[in-house]
Amino acid sequence: MTPGLLFLAAVAIYPTIYSLVISFTRWRLTTGGDPVFVGFENYAGLLADPSFWNSVRVTLVFVVAAVVIEFLLAFGLALVFFRGLPGEKIMRSLILIPMLCAPVVVGLLARFSLEPTFGVVNQLMRSVGLPTTEFLGSPDLALPTLIVIDVWQWTPFLFLIFLAAMQGLPEEIIEASKLDGASWPRIIWHQFLPLLKYPIMVGVLLRLIDTFRVYDIVFMTTRGGPIDVTSTMSWQIYDVGFRSFTISYAAAYSWLLLLLVLVVVNSLIRKMVARS
Amino acid sequence: MQKSNSRCAARRATVGIALASALAMTGCAAGTAQSNSDQVTLNTIFLPATWGTVVKDQLAPLYEEETGVKVNVELIGRDAIHEKVATLFAGQDSSYDIFNLDYNWIPEFGEGGHLVPLDDAITADDKSDFLPLALDVSTWEGQLLGIPQTIHPAVLWYNSALYSDAATQADYLAATGEELAAPTTMDEWFEQVKFFDGRTFNGQELSGWAAQAAKGFGNVHTWLSFAYSYDCEPFNADFTQSTLSTPECIEATERWAEMMEYMPAGANEFTYDNVTTAAQQGTIATAVQWSWGQFATDDPASSQTVGQWEIVEMPEGPRGTSAGHLAAWVISVSKYSQNVDEAVKFAAWLETKKNDVFQASNGGGDPVRASSYSDPELTEQTLEGNDALRFRRLPTVLAAMESAKERPFFPGEEIWETTLSTELSAISLGERSVEEGLARADEAQNRNLSQ
């Protein structure tokens with residue numbers, strides 16, 4: 001017990017408390033001075049900083065859009081596979097491939113594939129007469145493109161959870177509903193969704209937490225641009241902390257991100273538990 | 001049974017601690033400058049540009065042969081160097097002895113007192129041979145904190161094959177009433193860019209020009225050459241006030257934004273490599289690019305335009321000023337190095353007169369010593385299978401170094417680039433007007449300065 005607690009204190013508790021402490025200081029790593037206590041100055045600065053609010057907006061749009069689309073696609077795919085398909089095993093393996101790739105690799109792949117001049121996507125589009133499109137360089141398309149990349153990579157994760165949960169459902173319930181004359185949509189709405197509530201909750205919560213932290217894809221593709229349309233909170237934290245080295249400001253930013261994740265995730269859990 | 005379990009757990013814990021200690025020790029040792037009984041080892045970080053690879057592949061082994069001092073060279077990208085160096089300095093870490101630094105970090109790390117002064121590393125005679133601007137950007141508060149390794153002012157590239165093509169010349173004369181020649185003013189250049197854009201030459205559809213434009217630092221670096229040539233000063237004299245909303249800065253930014261429309265598709269993401277590739281493929285008529293990059297277009301293995309690209313100084317702005325933005329990399333020694341003396345010796349050795357020429361000759365950036373610009377080893381080299389001089393750019397580079405200007409030289413420059421870059425990105429994409437974008441950049445930068 002004690003070694004475990006010591007380990008936990010060393011790798012989790014101490015850094016967490018330390019980051020909280022430095023969030024109340026003014027400290028730039030490169031200037032070489034010691035941290036100076038400034039109270040809530042960093043938090044007040046953040047709340048008055050338009051780039052902070054932009055990053056909150058970008059993060060929320062990214063999280064909501066990506067998780068909703070992933071949920072719908074994964075649930076739909078799981079329903080299709082649940083009743084069995086010819087070539088099911090191969091197709092299932094193919095669906096899982098994106099999830100097995102490192103996000104950095106996915107980002108790199110996306111950057112080269114979507115490149116306007118030599119990228120394979122634009123070459124294909126040009127070959128069928130469509131115009132060259134700047135997927136990652138256009139202010140209108142960059143964020144939707146990142147959402148699509150995330151959906152492509154992480155839908156398989158929810159699919160896997162949903163499929164496993166569906167395959168654990170008692171066959172008798174489905175048969176009984178069918179005998180009662182219930183249509184598939186009614187069976188899904190009245191039987192599947194209530195019975196799969198907890199696997200859905202776990203899957204969606206894991207994806208929520210993960211998408212809130214999105215960084216690798218942004219780093220490899222848009223680096224927060226064009227302008228600041230893909231500047232998520234995690235990206236901004238990196239930018240403030242490791243490009244400007246204003247480590248105290250970045251710590252305050254991180255605590256506000258943590259707060260946001262906790263609020264969203266907790267309210268979701270409360271709602272789902274209350275309904276049950 | 002319980003006793004046996006607890007014994008087993010204790011043994012596992014002991015082994016675990018031993019393994020962890022071993023790992024920690026080997027991990028620490030791997031990055032530490034080691035000196036065993038005979039050999040000193042220097043650990044260095046360089047940019048993976050040609051001047052970094054020349055050091056890693058040729059000069060470091062040569063130095064070990066000559067002196068017995070082993071030099072490990074790690075090559076990592078620009079942003080990664082900044083991140084790594086800053087965190088190592090913050091931890092007063094002695095793992096690395098020498099860093100290849102972009103000069104705009106000299107004030108930042110100099111202010112923190114992390115770099116070893118190198119004034120005594122080179123003699124007064126030697127100092128007088130270095131290009132004055134190269135030394136200026138290596139110096140902070142009167143101390144030389146880096147030995148210049150390479151300089152490259154932004155210059156205007158033009159495809160000489162296109163400019164000397166009879167049909168193109170005739171068309172240009174007919175369209176503008178002017179003879180086609182390398183542009184000397186911004187207005188002349190803009191006319192040419194508009195003329196070339198969309199034309200076909202050697203089977204390639206041309207764009208008027210290309211330059212770094214990606215958000216981060218690329219668009220700022222290109223914009224600076226416009227700004228300086230239009231007499232725009234981004235700050236007041238002591239860097240306490242951002243002054244981007246002056247008429248000169250607005251005029252410069254308007255021209256830059258107008259010209260962005262004549263760059264190739266996807267240009268908003270263009271980096272140095274994209275510009276080089278476009279030049280190698282012959283898909284652009286002109287470019288604003290580092291002088292040193294010319295060597296890549298002369299490489300027959302990757303270029304279809306060998307010997308065709310020529311350079312001139314940045315065209316003059318409306319008040320007759322021509323000033324390209326300066327890029328330079330320096331070699332600095334960490335204050336936390338355990339081998340400061342050896343590190344200083346190696347840094348100075350890398351830029352002896354002989355090695356300055358050696359580096360340039362091997363593609364390692366443009367020389368930092370004035371004497372290298374007239375060294376026959378460089379000036380008389382021709383391209384393989386081509387009569388063109390390999391270093392035909394050197395006279396223009398030397399002239400450009402007279403008027404080139406450094407980035408705002410103060411400790412917050414890196415943050416300033418990030419701030420301005422976002423607004424320039426918005427302006428070039430038409431999301432904000434020039435005035436609005438520059439006003440927002442002023443506001444954000446003044447907020448940074450007050451923090």
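**Two interfaces: chain A with chain B, and within chain B**

Chain A and chain B bury about 2,400 Å² between them, 53% of it given by carbon and sulfur atoms; buried area is the accessible area (1.4 Å probe) that two parts lose on being put together, summed over both. Thr30(A), Ile227(A) and Arg243(A) supply 30% of the area that chain A buries against chain B, more than any other three residues. This is a predicted model, in which local features need pLDDT of at least 70 and side-chain atom pairs count only at pLDDT 80 or more, while totals for chains, interfaces and linings use all residues. Residues are numbered from 1 along each chain as its sequence is written, chains are lettered from A in the order in which they are written, and side-chain values use heavy atoms, without hydrogens and water.

In this interface, 30 residues of chain A are in contact (heavy atoms within 4.5 Å) with 29 residues of chain B. Three salt bridges link the two chains, a salt bridge being a side-chain nitrogen of Lys or Arg within 4 Å of a carboxyl oxygen of Asp or Glu. One of them joins Arg223(A) to Asp79(B), with the closest N and O atoms 2.9 Å apart.

Chain B itself is divided into domain 1 (41–152 + 327–403) and domain 2 (154–325 + 409–450), with bounds from an automatic or database domain assignment. The C-alpha centres of these domains lie 27 Å apart. Between them the domains bury about 2,400 Å², 59% of it on carbon and sulfur atoms. His152(B), Arg392(B) and Arg393(B) supply 25% of the area that domain 1 buries against domain 2, more than any other three residues. Arg392(B) also forms a salt bridge with Glu310(B), the closest N and O atoms being 3.2 Å apart.
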